[in-house]
Amino acid sequence: MKTIMLSHPHQLKKETIKPTVIALGFFDGVHLGHEKVILTAKKLAKEKQMQCAVMTFNPHPKEVLRTRKEKMNYLSPLPEKIKLIEQLDVDVLYIVDFSLPFANLTPQQFVDDYLIGLNVKHVVAGFDYSYGKLGKGTMETLPFHSRNEFTQTTISKVEKSLEKISSTHIRNLLAAGEVSQIREFLGRYYEVVGEVVHGEKRGREIGFPTANIKSEGFLLPKEGVYATLVKINDRTYEGVCNIGYKPTFHGEGSAALAVEIHLFNFADNIYGESVTVQWIERIRSEKKFSSIEQLIEQIQKDKQEAQQILNKLNLCSCNL
Ligand SMILES: Cc1cc2nc3c(=O)[nH]c(=O)nc-3n(C[C@H](O)[C@H](O)[C@H](O)COP(=O)(O)O)c2cc1C
Ligand SMILES: Nc1ncnc2c1ncn2[C@@H]1O[C@H](COP(=O)(O)OP(=O)(O)O)[C@@H](O)[C@H]1O
């Protein structure tokens, strides 16, 4: 896959670009609905003997357009999104810098410069896709703006268990800690990539060393304890994770949010390593204990519960 970063005004020349079927969307999380849009574009490109491209934007329009400008967290920050789209095996990924001049293009200007101007012959997008200033362009207006230069396929709502598959629904499940439900919508377990950093060095003392994970730009599940799988250098380890503020040791509001995972049957030094955490199932909320002994007793129970959850998972995959 060729990844092309575009910022407005882009300098690409239409004559140098192969005829293209393009999938359009923000694609946060690259969930099963997004996958349908992209795979439809891929199938049509093959039929039409054209190249298949995906166009996405970075950062999210809200990050640029809302008055209170603060960095947003994502289901898939850009490097993760690139990796996920690459796995779908498309030819080209256009990442358009969502700047104010770009946001202010009229729908017709967007179509002229970023679709017709990139030699697009067919557009695939979801029923609620919008484009151009204030999102005024929709799949209904697209035939008009196309100047008969391209055709289109509109993908209707994709549902699972009567719920529209959407990034918003997945974000809500994460915020509620319902990580086990996410898989149905995402098509895989929710994953967070991060680096192992130094913590307070208490873990080893209490018999549960924990790898402290620092991630950039990812949305995290609600505070609490989770059964997890952790990929480190192509190997997968089982573990139990606490996301929280360690209230047993820190007064309210005094600690930063920590993501720490105790890995089973593991004793290596992994400071500085990049790890990928898969969130399998929530176990409980974080609590303030009145003694370290009580906390240790609870972590032992958490470990057992996580082990049982993860054992069931192994049984399931053997039965496939
Ligand atoms: C499975 C698990 C559950 C935990 N639950 C709690 C909890 O409910 N309350 C709490 O204050 N800390 C909890 N912790 C955090 C421990 O207090 C923390 O791991 C310990 O202080 C070591 O921190 P360090 O790695 O930064 O040295 C939990 C940790 C793990 C691994
Ligand atoms: N079973 C394990 N699970 C997690 N980390 C482990 C384990 N065994 C060894 N380690 C190593 O020890 C570190 C955690 O020890 P800990 O005392 O909790 O220190 P810190 O507070 O710096 O995280 C990890 O970052 C990792 O390098």
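This is a predicted model: local features need pLDDT of at least 70, side-chain atom pairs count only at pLDDT 80 or more; totals for chains, interfaces and linings use all residues.
A polar contact here is a pair of N or O atoms within 3.5 Å; within protein, one atom must be able to donate a hydrogen and the other to accept it, and residues adjacent in sequence count only if both atoms are side-chain atoms. Residues are numbered from 1 along each chain as its sequence is written, chains are lettered from A and ligands numbered from 1 in the order in which they are written, and side-chain values use heavy atoms, with hydrogens and water left out.

Now widen the view to the whole shell. Ligand 2 is surrounded by 20 residues, the closest being Gly 199, Lys 201, Thr 210, Ile 270 and Tyr 271; a residue counts as near if one of its heavy atoms lies within 4 Å. By type, this shell has 9 nonpolar, 7 polar and 4 charged residues (Ala, Val, Leu, Ile, Met, Phe, Trp, Tyr, Cys and Pro count as nonpolar, Asp, Glu, Lys and Arg as charged, and the others, Gly among them, as polar). Strand 12 (211–214) and strand 15 (258–263) each supply at least two of the shell residues, and strand 15 gives the largest share, 3 residues. Helices (H or I, at least four residues) and strands (E, at least two) are DSSP runs, numbered from the N terminus.

Next comes ligand 1, with 22 residues around it, the closest being Arg 202, Thr 210, Lys 246, Thr 248 and Lys 287. The side chain of Thr 210 places an N or O atom 2.6 Å from an oxygen atom of ligand 1, and a backbone N or O atom of Gly 203 lies 3.1 Å from an oxygen atom of this ligand. From the side chain of Arg 284, an N or O atom is 3.0 Å from a nitrogen atom of ligand 1. Taken alone, ligand 1 exposes 630 Å², and the protein buries 99% of that. Its shell divides into 7 nonpolar, 6 polar and 9 charged residues. Here strand 14 (235–244) and helix 9 (292–319) each supply at least two residues, with the largest share, 3 residues, coming from helix 9.

How does the record describe this stretch of chain? In an unreviewed entry, UniProt places the feature "domain: Riboflavin kinase" at residues 185–311, though such annotations may be inferred rather than shown by experiment. In the model, that span is 17% helix and 38% strand, and its end C-alpha atoms lie 23 Å apart.

Finally, some backbone details. Most residues other than glycine have a negative phi, and most peptide bonds are trans. A cis peptide bond joins His 8 and Pro 9, with omega about -5°, and Pro 9 sits in the loop between strand 1 (2–6) and strand 2 (20–24). The bond from Asn 58 to Pro 59 is also cis, with omega near -5°; Pro 59 belongs to the loop between strand 3 (51–58) and helix 2 (61–65). Phe 27, in the loop between strand 2 and helix 1 (32–48), has a positive phi, near 60°.

Note on methods: Accessible areas come from the Shrake-Rupley method with a 1.4 Å probe; for residues, only the protein chains shown count as cover.
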